[in-house]
Amino acid sequence: MSKKSASDQSETGALRVKRIAAVLILVFAVLAAAFAYQHHGLRLVLSSAKTGKVYARFPVRESDTFSVGFVHSVNKSPVTDYYEIRDDGIYVVKTVYYGFGAGVQTELEEGQKLEYGSDGSMIITGFDRRMDDLVYFVGTVSDHVLTLENGEQVSLRDLCGRNAMVRFALE
């Protein structure tokens, strides 16, 4: 039985330290990925408000915005509602419309501001209200279109069908 020389033992010790360092680096990388997923792995979920069937999931991050645009069923003019993703939910932040009528805001609440766009739109900001139960009823006459932060547009009529009651939530 031969004895290992001091240099062989030194190399074995150095190899052991390298292996331990590699394992620690791997563990930290996995933990960092899990942390990043937990904090940036949010999804905007569209589901049936009646059955709970999930229509789609879209990856989102905190501070992302999305909008839902449609033609108002009563005054027949475009309306777009804007929302922001926050750590504790979905917040309505702005609405843009082009004509008064039943179902659109006619008075400002405290903290809200009305501005007019160059295209004749009326823009109300300052809502800052969490939407605990955000549901849209997809029309039969006109479509509802979801526009995501990245510019992707999704027809809710194509995705969910006419007359669908679509719930927006975070997971």
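Student: Among contacts between residues at least 6 apart in sequence, what share joins residues at least 24 apart?
Tutor: Quick heads-up: this is a predicted model, so local features need pLDDT of at least 70 and side-chain atom pairs count only at pLDDT 80 or more, while totals for chains, interfaces and linings use all residues. Residues are numbered from 1 along each chain as its sequence is written, and side-chain values use heavy atoms, with hydrogens and water left out. A contact means heavy atoms within 4.5 Å. Take the contacts between residues at least 6 apart, and the share joining residues at least 24 apart is 49%.

Student: What percentage of the residues is buried?
Tutor: Buried means under 20% relative accessible area, exposed means over 50%, and partly exposed is in between (1.4 Å probe, protein chains only). The protein has 171 residues, and the buried ones make up 34%.

Student: Which residue touches Leu44, Leu46, Phe66 and Leu146?
Tutor: In soluble globular proteins, nonpolar side chains tend to be buried together. Look for a residue whose contacts also include Val45, Val68, Ile90, Leu134, Tyr136 and Leu156, not counting residues up to four places away in sequence. That residue is Phe168.

Student: Which residue in β2 is the bridge partner of leucine 44?
Tutor: Two strands pair if DSSP finds at least two bridges between them. Strand β1 (residues 42–48) runs antiparallel to β2, with 6 bridges joining them. They form a hairpin with 5 residues between them, and glycine 52 in the turn has a positive phi of about 85°. Across in β2, the partner of leucine 44 is phenylalanine 58.

Student: Lysine 53 is in that loop too, so is it buried or exposed?
Tutor: Lysine 53 sits in the loop between β1 and β2. Leaving aside neighbours within four places in sequence, lysine 53 is in contact with Leu46, Ser47 and Ser48. Because its relative accessibility is 52%, lysine 53 counts as exposed.

Student: Which residue forms a salt bridge with aspartate 128?
Tutor: A salt bridge is a side-chain nitrogen of Lys or Arg within 4 Å of a carboxyl oxygen of Asp or Glu. Aspartate 128 has a positive phi of about 50° although it is not a glycine, and its closest N and O atoms with the partner are 2.5 Å apart. The partner is arginine 86.

Student: Which residue joins Arg86 and Asp128 in a network of salt bridges?
Tutor: The structure holds 8 salt bridges. Arg86 and Asp128 are linked in a network with Glu84.

Student: How many residues apart in sequence are aspartate 133 and arginine 167?
Tutor: These two form a salt bridge, with the closest N and O atoms 2.6 Å apart. Aspartate 133 lies in the loop between β7 and β8 (134–137), and arginine 167 is in strand β11 (residues 165–170), so the pair ties together parts whose separation in sequence is 34 residues.

Student: And how far apart in space are lysine 53 and arginine 167?
Tutor: Arginine 167 is partly exposed, with a relative accessible area of 26%. Lysine 53 and arginine 167 are 114 residues apart in sequence, but C-alpha to C-alpha the distance is 10.0 Å.

Technical notes. Helix = DSSP H or I, 4+ residues; strand = E, 2+ residues; numbered from the N terminus.
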